Amino acid sequence: MERHDGKRVVITGGTSGIGLATAKLLISQGARVLITGRTEATLETAREQLGNNAIAVESDAASLADIDRLADRVKSEFGTIDLLYVNAGITRFMPFEAMTEAVYDEVLTVNAKGPYFTVQKLAPLIAEGGAVVVTTSVVNEMGYPMISAYSASKAALRSMVRSLARELLPRGIRVNAVSPGPIETGILDKTLPSDVAAQTKQAMTENNPMKRFGRPEEIAKTVAFLAFDATFTTGAELAVDGGGSQL
Ligand SMILES: NC(=O)c1ccc[n+]([C@@H]2O[C@H](COP(=O)([O-])OP(=O)(O)OC[C@H]3O[C@@H](n4cnc5c(N)ncnc54)[C@H](OP(=O)(O)O)[C@@H]3O)[C@@H](O)[C@H]2O)c1
């Protein structure tokens, strides 16, 4: 018998990087996993990689109508769930002086408003003793240039973890955050020109106490720990960052 046999899991943003690595880990340990993403082709590739214990659903984390439809789909596929992993997120690099209302709204909507309503709409489906994990970021506690809106969105999310942990406690549902430092997922290559991405990666590697990027699998193990093993932990945020936020 695998560790997570029979567990039913929903992962938003499960088509690449951290979300996909978490889906792979939990499926390898016996879980059934429903992943979401926005892009049809990536959803299909992820579903093929994950196999028969995965369901891939197109759902925009920024759309409340999509979140409602997602809740209906989860209910019809699983009935109740054991873990909701709210992971979908975007980064936009832009100096504070150049920030536009459109980019600010996009980042805050995908990274903070969407997650808030995803938990609200899916919480009724979480079984007693189940868990919510969200992906924040170490930048929510630090001042970095170029990512002020992103950092603010993750700080909002970190605060929500505390409030929602309190409100879901009567149902025995724990709510925690995993807070990644630099993780090799290609997120920088998606959002920056290749030369700037390479320079940024080099600087981040040199600045990290462990002198490396983390691997998505290292976040996945932490998500599994917070979801299923950390039974006396709620409202917390666990950094997985090579010590970058502490040393
Ligand atoms: N990598 C890092 O260094 C790092 C550090 C700190 C925090 N994080 C956080 O970790 C999480 C995962 O990031 P990652 O590095 O694994 O990046 P990634 O590989 O780009 O994965 C992001 C995932 O979110 C999905 N997504 C993005 N916007 C969405 C939307 N509006 N609706 C539905 N799905 C959406 C993407 O699907 P589509 O491709 O279809 O859009 C993809 O599945 C994010 O919340 C990110 O902020 C990452």
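This is a predicted model: local features need pLDDT of at least 70, side-chain atom pairs count only at pLDDT 80 or more; totals for chains, interfaces and linings use all residues.
**Entry 1: Met 146**

I looked up Met 146 and found it partly exposed, at 37% relative accessibility. By the rule I used, buried means under 20% relative accessible area, exposed means over 50%, and partly exposed is in between, with a 1.4 Å probe and protein chains only. Met 146 sits in the loop between strand S5 (126-135) and H5. Helices here are DSSP runs of H or I with at least four residues, strands are runs of E with at least two, and both are numbered from the N terminus. I noted a positive phi of about 80° at Met 146, although it is not a glycine. Most residues other than glycine have a negative phi.

Residues are numbered from 1 along each chain as its sequence is written, and side-chain values use heavy atoms, with hydrogens and water left out.

**Entry 2: Lys 211**

I then turned to Lys 211, which has a positive phi of about 55° and is not a glycine either. I found Lys 211 in the loop between helix H7 (194-207) and helix H8 (216-229). Lys 211 is exposed, with a relative accessible area of 52%.

**Entry 3: the ligand**

Which residues come nearest to the ligand? I read off Thr 15, Arg 38, Thr 39, Thr 185 and Lys 190, out of 29 residues around it. To count as near, a residue needs a heavy atom within 4 Å of the molecule.

I checked polar contacts next, meaning pairs of N or O atoms within 3.5 Å. An N or O atom in the side chain of Arg 38 is 2.7 Å from an oxygen atom of the ligand. For Thr 39, a polar side-chain atom is 2.7 Å from a ligand oxygen, and for Thr 185 the value is 2.6 Å. The protein buries 94% of the 890 Å² that the ligand exposes when taken alone. These areas come from the Shrake-Rupley method with a 1.4 Å probe.

I also sorted the shell: 10 residues are nonpolar, 15 polar and 4 charged. Here Ala, Val, Leu, Ile, Met, Phe, Trp, Tyr, Cys and Pro count as nonpolar, Asp, Glu, Lys and Arg as charged, and the others, Gly among them, as polar. Helices H1 (17-28), H5 (148-168) and H6 (187-191) each supply at least two residues of this shell.

**Entry 4: two threonines**

Thr 15 lies in the loop between strand S1 (8-12) and H1. Is Thr 15 buried or exposed? I found it buried, with a relative accessible area of 14%. Leaving out residues up to four places away in sequence, Thr 15 touches Leu 20, Ile 35 and Thr 42, among others; contact means heavy atoms within 4.5 Å.

Thr 91 is in the loop between strand S4 (81-86) and helix H4 (101-122). Thr 91 counts as buried at 7% relative accessibility. With residues up to four places away in sequence not counted, Thr 91 touches Ile 147, Tyr 150, Ile 187 and Thr 191.

**Entry 5: Ala 23**

I ended in helix H1 with Ala 23, which is buried at 0% relative accessibility. Setting aside neighbours within four places in sequence, Ala 23 is in contact with Ile 11, Val 33, Ile 35 and Leu 50.

Key
A polar contact is a pair of N or O atoms within 3.5 Å; within protein, one must be able to donate a hydrogen and the other to accept it, and residues adjacent in sequence count only if both atoms are side-chain atoms.
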